[in-house]
Amino acid sequence: MLNEKVSTLINEQINKEFYSAYLYLEFANYYYDQGLDGFGHWYDIQAQEERDHALLMRTYLQNNGHRVTFDVIDKPEARLNSLEDPLTQGLAHEEYVTSLINKIYKAAKDVDDFRTMQCFDWFVKEQGEEEKTADDLLKKFKLFGNDPKGLYALNQELLARVYTAPSLVL
């Protein structure tokens, strides 16, 4: 049986993952409006990944006898005034999500909830990948984004991204 604090944190995280998806769709909309379909596509896939994370956590709670309750998803308050803004805010958001995943992991560790720790090992690793990917994209943009040919090439690279379903099996 899951500890109540742990299950509450996971349920809250489900809602935050849906917010992340909503935020990334906002970033995608911004880039589509700017004519950068590759950047928009990249964030569409990011949104899909966040939705998948929420559904994995939902399944985990359900498999452990806990009812999932959805909360209101806040409207993203992103201030997007330059092509770099979504990238900078995206990295900061991933760092924030990492802190939330770590909080869940620590709560599970504090009550010797090894099953949740094992499940969340995947999310800890995933967040490391998410932060690195966001940081790499921001670095590439800073290197090439001010050059029209470089921006075009980066946009084409991002357009080629293919969605991959999560590897976590519950």
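The legends below describe close-up views of a predicted model.

In this predicted model, local features need pLDDT of at least 70 and side-chain atom pairs count only at pLDDT 80 or more, while totals for chains, interfaces and linings use all residues. Residues are numbered from 1 along each chain as its sequence is written, and side-chain values use heavy atoms, with hydrogens and water left out.

**View 1. Helices α2 and α5 cross at roughly 35°.** Helices here are DSSP runs (H or I, at least four residues), numbered from the N terminus. Two packed helices are described by the angle between their axes and the distance between the axes. The axes of α2 (residues 37-63) and α5 (residues 148-159) come within 7 Å; axes are lines fitted to C-alpha atoms over the stretch in contact, and angles run from 0 to 180 degrees between N-to-C directions. The crossing is left-handed, that is, the near helix is turned anticlockwise from the far one by less than a right angle. On α2, the contact (heavy atoms within 4.5 Å) is made by Asp37, Gly38, Phe39, His41 and Trp42, and on α5 by Leu151, Leu154, Asn155, Leu158 and Leu159.

**View 2. The largest nonpolar core has 23 residues.** A nonpolar core is a set of buried Ala, Val, Leu, Ile, Met, Phe, Trp, Tyr and Cys residues joined through side-chain atoms within 4.5 Å; buried means under 20% relative accessible area, exposed over 50%, and partly exposed in between (1.4 Å probe, protein chains only). Ile10, Ile14, Met57, Phe120 and Phe123 touch the most other members. Two or more residues come from each of α1 (4-33), α2, α3 (85-110) and α4 (114-144). A second, separate core of 22 residues includes Tyr24, Leu36, Leu91 and Leu158.

**View 3. Phe123 and its contacts.** Leaving out residues up to four places away in sequence, Phe123 touches His53, Leu56, Met57, Ile101 and Leu168.

**View 4. Glutamine 89 lies in helix α3.** This residue is partly exposed, with a relative accessible area of 25%. Beyond its neighbours within four places in sequence, glutamine 89 is in contact with Phe27, Ala78, Arg79 and Leu80. Its side chain reaches the backbone oxygen of arginine 79 at 2.8 Å.

**View 5. Glutamine 127 lies in helix α4.** Glutamine 127 counts as buried because its relative accessibility is 3%. Not counting residues up to four places away in sequence, glutamine 127 touches Glu94, Val97, Thr98 and Ile101.

Definitions and conventions
Polar contact = N/O pair within 3.5 Å; in protein donor to acceptor, adjacent residues only side chain to side chain.
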